[in-house]
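This briefing is meant for a reader who is meeting the structure for the first time. Please look over the sequence and the model before turning to the notes below.

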Amino acid sequence: MNTAPLQGIKVIDFTSVQSGPSCTQLLAWLGADVIKIERPGTGDATRDELQFDPDCPSYYFLQLNSDKKSLALDAATPDGKAILTKLLETADVFIENLHPGAMDKLGFSWEEVHKINPRCVYATIKGFPLSSKYKNLKAYEPVAQVTAGAASTTGWWEGPDNIPTQSGAALGDSNTGMHCTIGILAALLQRQHTGEGSFVYQSMHNACLNLCRIKTRDQLTLDRIGYLTQFPQYPDQKFGDFVPRSGNQEGSGVLGWTYKCKGWETDPNAYAYIILQRGAKDFELACKALGFEDWLTNPDFNTADARDRNKQAIYKRIGEWAIDKTKYEVTEILSKAGVPVAPVLNTKEIMTDETLYDGNTLVKIDQGGKIGEFVTVGVPFTLSNFQPTYGPCPTLGGNTDEVLKAYGYTDEEIASFANNGTTAPLPKQ
Ligand SMILES: CC(C)(COP(=O)(O)OP(=O)(O)OC[C@H]1O[C@@H](n2cnc3c(N)ncnc32)[C@H](O)[C@@H]1OP(=O)(O)O)[C@@H](O)C(=O)NCCC(=O)NCCS
């Protein structure tokens, strides 16, 4: 028990904001030794973005940088370049997410780092794949969502809210970090056979597009037959030649919808999601639980295909059934009968659910000082022989001396790096 999977793996983390830090956060929690390089004086942009207190790093930073070491380093000074080169000589992974071309300009391109240390895996996060006409764009979350089919397929398809819509989930940011983690782990395994590190190129676009795979499935179907049976527009409305937004309809072949429940007048999340499966047996269970046994013999509803054609009538009748029950009652009644159902939960409900504080799902980190304890989402999977621990985040440059000493620098050298602007900002003129 408790063999950290990435024990002994040294990661030089030249990332900021969310995409890169979410990757290195996971690597750190899996036991890697992560040295986060931050610009002296400013550091990761999220340190002072959306702060709850002007003297404290934001929750944005805290939630993505626990258990890392912070090395303040200006990689553009001659000493900074020499220090980074030294760190890379023994690194297992180098990861960066600067804007396109910036790392090459600093002199640490994949080719250069591969020369410094052929065993080092080099991971880079950018907005777009190298083949893309958008490859030089700077990218934040929405840039990925709007270009990878997420925004154009999310939201309402008619009425005043018929606009491309952002998902609340970080499909472009943390999702990219998770995809990049997979690439890095694959490259580390590959290195065991080849002895060489490889170049992992992860775009936010591709990570987001990967989660929009089923929308490309729908495009293929649409191109073939001109309509999509699972969409709420089917069968009455006309389809165009691209996948439309589908409101809250489930993305697969089963018939799912978000139903208004008791209390909706004051609670915007008083809703439950209810799914009617396609199988006859499952449908029978649902009809009995809902008290709609007449549907079992009615040809407008007693087959999955018929239900697809009459989904508006289904939404209406189940809606009337749900409206006088709370979302929890709906969930209890239907789940007992084996119907897939769940309450729509708001962030407060999730973060106050004690059952989620199981050591992995939601975790509390004691940052100490004025910040005290904060909550974050832990490693999103469990391993039978490893329990991660969750420690605090570093202050900006808080591990600079310790890291430099560990790499053999003397006290005099360390002092001179601080004085010449390499590890501390130069005094303002
Ligand atoms: C996020 C993003 C839009 C921010 O762009 P930005 O404001 O230009 O900031 P960057 O951090 O990329 O770089 C700013 C400059 O700081 C420099 N810099 C950053 N850290 C440095 C360090 N430790 N030492 C020396 N220079 C440093 C960069 O080299 C760059 O210099 P340049 O503009 O002269 O080339 C951009 O980095 C990007 O598109 N990244 C790839 C996609 C991504 O991961 N996006 C974030 C999603 S959460």
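The notes that follow begin with the chain as a whole and then take up the sheet, the cores, the ligand shell and single residues.

This is a predicted model, in which local features need pLDDT of at least 70 and side-chain atom pairs count only at pLDDT 80 or more, while totals for chains, interfaces and linings use all residues. Residues are numbered from 1 along each chain as its sequence is written. The secondary structure of the chain comes to 16 helices and 11 strands, where helices (H or I, at least four residues) and strands (E, at least two) are DSSP runs numbered from the N terminus. Along the principal axes, the C-alpha atoms of the chain fill a box of roughly 85 × 50 × 45 Å.

**The chain as a whole**

- Of the 429 residues of the chain, 35% count as buried; a residue is buried if 20 or more other C-beta atoms lie within 10 Å of its own, exposed if 12 or fewer, and partly exposed in between, with C-beta atoms placed from the backbone.
- Among contacts between residues at least 6 apart in sequence, 65% join residues at least 24 apart, a contact being a pair of residues whose C-beta atoms, placed from the backbone, lie within 7 Å.

- Six strands, in the order E3-E2-E1-E4-E5-E6, make up an open sheet with parallel pairing, where two strands pair if DSSP finds at least two bridges between them.
- The edges are strand E3 (69-72) and strand E6 (199-203), each of which pairs on one side only, and the twist from one strand to the next averages 20°.
- Strand E2 (residues 33-38) runs parallel to E3 and is joined to it by four bridges, and Lys36 has Ser70 in E3 as its bridge partner.
- Helix H7 (residues 174-194) packs on the sheet, where it touches strand E4 (93-96), strand E5 (121-126) and E6, and its direction makes about 160° with that of E5; axes are lines fitted to C-alpha atoms, for helices over the stretch in contact, and angles run from 0 to 180 degrees between N-to-C directions.
- H7 is followed by Gly195, which has a positive phi near 80°.

**The nonpolar cores**

- In the largest nonpolar core, which has 52 residues, Val11, Val93 and Phe94 touch the most other members; such a core is a set of buried Ala, Val, Leu, Ile, Met, Phe, Trp, Tyr and Cys residues joined through C-beta atoms within 7 Å.
- Helix H1 (residues 19-29) gives the most to this core, with five residues.
- Leaving aside residues up to four places away in sequence, Val93 touches Ile9, Val11, Cys120, Val121, Ala123 and Ile184.

**Around the ligand**

- Of the 25 residues around the ligand, Val17, Gln18, Asn97, His99 and Lys138 come nearest, a residue being near a molecule if its C-beta atom, placed from the backbone, lies within 6 Å of it.
- H1, helix H4 (102-106) and E5 each supply at least two residues of this shell, and the largest share, three residues, comes from H4.

**Single residues to look at**

- Most residues other than glycine have a negative phi, and most peptide bonds are trans.
- Leu50, in the loop between E2 and helix H2 (59-62), has a positive phi near 65°, and this residue counts as exposed because it has 9 C-beta neighbours inside 10 Å.
- Asp67, in the loop between H2 and E3, also has a positive phi, of about 60°, but Asp67 is buried, with 21 other C-beta atoms within 10 Å.
- The peptide bond from Tyr234 to Pro235 is cis, with omega near 5°, and Pro235 lies in the loop between H9 and strand E7 (255-260).

Key:
Two residues are in contact if their C-beta atoms, placed from the backbone, lie within 7 Å.
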